[in-house]
Amino acid sequence: MNKTEIQQLEFTVTRLFMKLFRTSSVNVVKECQKQFSFKTAEERISMRKVNKTPRLVKLYFSVRCMFNEFVCF
């Protein structure tokens, strides 16, 4: 996702929270998200990028184990 798409997603989520908490203040929404440990779209995407590498390594070893005849994890 590029920066514009992330900003559009953030805007949509913020508007949803505004309706949910019945407020028109972005600051109130941000504070509610912080209190409920709601991560922003940018944080979630960056976490997915960081967590993708270990999954790929595990997948690589799983596929390798399928084609080899030794015992794998």
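Me: What should I know about the model before I start?
Reply: The model is predicted: local features need pLDDT of at least 70, side-chain atom pairs count only at pLDDT 80 or more, and totals for chains, interfaces and linings use all residues. Residues are numbered from 1 along each chain as its sequence is written, and side-chain values use heavy atoms, without hydrogens and water.

Me: How many helices and strands does the protein have?
Reply: Helices are DSSP runs of H or I with at least four residues, and strands are runs of E with at least two. Here there are three helices and zero strands.

Me: How is a pair of aromatic rings described?
Reply: By the distance of the centres and the angle of the planes. Rings of Phe, Tyr and Trp (its six-membered ring) pair if their centres lie within 6.5 Å; planes under 30 degrees apart are stacked, over 60 edge-to-face, the rest tilted. This structure holds three aromatic pairs. In one of them, F21 and F36 have ring centres 6.1 Å apart and planes at 15°, so the pair is stacked.

Me: Where do F21 and F36 lie?
Reply: F21 is in the loop between α1 (3–20) and α2 (26–35). F36 is in the loop between α2 and α3 (41–67). They are 15 residues apart.

Me: Which residues form the aromatic cluster?
Reply: F17, F21, F36 and F38.
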